[in-house]
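This briefing covers the pockets of a predicted model. Look at the structure, then read on for what lines each space.

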Amino acid sequence: MATKEMKARVTKTKAPVMSALKGQTLLCLRTLTEKNPASLATYEQLGGYTQLKRLVTEKVKAVDIITQVKVSGLRGRGGAGFPTGLKWSFMPRYFDGTKYLVCNSDEGEPGTFKDRDILRYNPHQLIEGMAIAAYTLGARVGYNYIHGEIWQDYEIFEAALQEARAAGYIGENLFGTNFSVDLYAVHGYGAYICGEETALIESIEGKKGQPRFKPPFPASYGVFGKPTNVNNTESFASIPWILQHGGQAFAELGVPNSGGTKLFSVSGHVEKPGNFEVKMGTTFKELLDMADGVWKGRKLKAVIPGGPSTPVMTADMIMNATMDYDGLSKAGSSLGAGSMIVMDETTCMVKTLKRLSYFFFEESCGQCTPCREGTGWVYRIINRITEGNGKMEDLDLLTDVSSNISGRTICALGDAAATPVLSFIKHFRLEFEYYIQHGKSMVDGK
Amino acid sequence: MLSAESIEKIEYELTKYPADQRQAAVMSALRIVQTERGWLSQECISEVAAYLRMPEIAAMEVATFYNMYDLEPVGKYKITVCTNISCMLRDSDAIVDHLQAKLGVGFNEVSADGKFCLKEGECMGACSGAPLMTVNNHTMYEFLTPESVDKILESLK
């Protein structure tokens with residue numbers, strides 16, 4: 001039901017000014033250089049949909065496409081970093097019935113907002129990537145599950161799907177062949193857990209989003225119990241470029257073990273928060289410069305490099321790090337979804353951890369006891385510290401409770417909830433001790 | 001009774017799923033009915049469940065699990081302010097204080113004139129525009145300052 005208003009929105013979406021794109025390598029956001037980035041005409045003008053057409057009309061074999069994706073070194077951009085080509089090879093080739101494709105645009109990890117820009121600035125590249133994946137994997141139907149809070153961007157994507165359907169890029173018998181694929185937009189409505197792929201699948205089926213046990217994995221038992229391939233938005237959006245230029249070219253943009261470009265969402269205490277699409281291996285310093293540095297001329301204190309489920313880093317740890325999988329893991333954290341939350345010298349780490357703990361407590365789906373109860377314990381302990389009622393043994397208790405959540409739950413939310421607690425206390429222990437001893441923050445005195 | 005307009009929208013959502021998977025449309029159906037009526041009463045949820053031929057309890061589970069559904073009246077305008085880390089670092093507290101003072105309500109309260117309800121939100125996935133808020137779930141306002149909040153409130157008649 002694309003209303004006129006929705007269509008108008010697609011054409012009205014304006015790109016940021018060009019100067020803001022300096023230093024970036026635009027693949028997933030390649031339409032940003034144009035006036036009306038989200039429109040079909042713009043995408044076509046930049047060579048959009050030519051790869052889908054080529055693969056389908058030339059009947060390129062699935063195995064050859066998957067090989068290119070493997071060679072590209074593309075790793076799941078949702079945060080887990082699993083090799084995309086390998087994941088694709090898990091889909092059963094022969095299956096008597098409908099196979100499904102799912103795009104995970106349910107980004108709700110604090111500090112993550114990269115997929116949103118793909119949806120609103122370059123929706124057609126995502127559609128082409130999904131259609132190519134559907135062709136490769138033999139999926140007849142695909143869903144793009146979009147975070148409920150970015151409703152206006154959901155509408156942009158719905159309108160783009162209508163455009164693509166009208167232009168014959170999705171639907172029945174594409175390009176006069178027997179290949180057909182239907183893609184649909186569906187939405188979440190406020191549940192962080194639905195970013196977990198099996199919770200997301202439950203949600204698509206119209207259920208509360210509680211993760212499933214794995215195995216079976218979605219490749220054998222996914223949407224409506226059918227084989228399903230789930231990938232992140234940015235992963236799908238990288239596909240058309242990889243097939244146009246070859247997997248090797250994509251790999252060479254990055255560094256070994258981290259192929260291609262990556263969108264980094266930079267938020268918090270920087271002068272100019274936003275998304276920056278850069279080559280893997282770009283240094284932290286370069287990225288911080290693109291965001292015009294730490295705001296108000298202040299000093300950098302800490303960075304969460306990939307969303308709160310990745311360990312927090314001190315300024316010293318990250319200052320000389322490169323932004324790629326190995327670079328950040330060597331520096332003591334991980335790339336996650338590339339959600340860089342920057343904190344300046346005025347940030348109280350105790351209060352920051354309290355807010356993060358509340359988030360995990362609020363968003364635990366309640367299915368596994370260690371997570372349901374443990375996240376509540378963690379929040380209440382940190383809360384009592386900030387209320388001046390903390391005890392020195394609380395720090396060991398926090399570490400103990402968190403360690404007992406980690407690894408003992410069905411999905412990764414439990415691990416994610418433990419990570420900030422363990423890393424904040426590890427790197428900023430003095431601040432916690434001070435708060436317990438004095439009943440107030442070492443940083444802001446309040 | 002579901003309105004003809006709601007039914008038309010729900011029918012559109014049903015086209016996205018196999019014919020024997022009507023329940024899949026419940027997320028949208030609840031959203032559609034809530035948008036029309038302001039909030040989800042028990043009656044609304046029953047009607048949606050009946051229309052999708054699913055157990056009422058299953059629709060109830062969905063309505064209570066996802067936090068953008070409102071199971072109590074939220075006034076004419078529900079304002080949800082994100083206070084998660086990226087917004088907090090850019091002083092969402094000041095925005096919350098300003099809204100609470102201006103509207104005379106705390107979180108989860110409806111203003112005396114029944115016009116506004118204030119909610120605390122979790123990360124909305126738009127942190128470059130922090131601090132930010134949504135109005136009635138579907139309209140987002142970014143880069144908030146107390147001054148811009150005043151303008152937005154004025155525009156909500």
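The largest pocket holds about 1,300 Å³ of space. Among its 49 lining residues, Gly78(A), Gly79(A), Ala80(A), Gly195(A) and Glu196(A) lie closest to the centre. The second largest pocket holds about 990 Å³.

**Largest pocket**
- S4(A) gives the largest share of the lining, 5 residues.
- In chain A, helices H6 (114-121), H14 (325-330) and H18 (413-427) and strand S4 (228-232) each supply at least two lining residues.
- The lining has 17 nonpolar, 21 polar and 11 charged residues.

**Second largest pocket**
- Of its 37 lining residues, the closest to the centre are Lys351(A), Met88(B), Leu89(B), Asp91(B) and Asp93(B).
- H15(A) gives the most to this lining, with 5 residues.
- Helices H15 (349-363) and H16 (369-386) of chain A, and H5 (85-89) and H6 (92-103) of chain B, each supply at least two lining residues.
- This lining divides into 17 nonpolar, 8 polar and 12 charged residues.

**Terms**
- On a 1 Å grid over the protein atoms alone, a pocket is an open set of points where a 1.4 Å probe fits, with protein on both sides within 12 Å along at least five of seven lines; lining residues have an atom within 4 Å of a point.
- Points are joined across faces, edges and corners, and volume is the space filled by probe spheres set on them.
- Helices (H or I, at least four residues) and strands (E, at least two) are DSSP runs numbered from the N terminus.
- Ala, Val, Leu, Ile, Met, Phe, Trp, Tyr, Cys and Pro are nonpolar; Asp, Glu, Lys and Arg are charged; the others, Gly among them, are polar.

**Source**
- Residues are numbered from 1 along each chain as its sequence is written, and chains are lettered from A in the order in which they are written.
- Totals for linings use all residues of the predicted model, whereas local features need pLDDT of at least 70.

Methods
Predicted model: local features only at pLDDT ≥ 70, side-chain atom pairs only at ≥ 80, totals over all residues. Heavy atoms only, no water.
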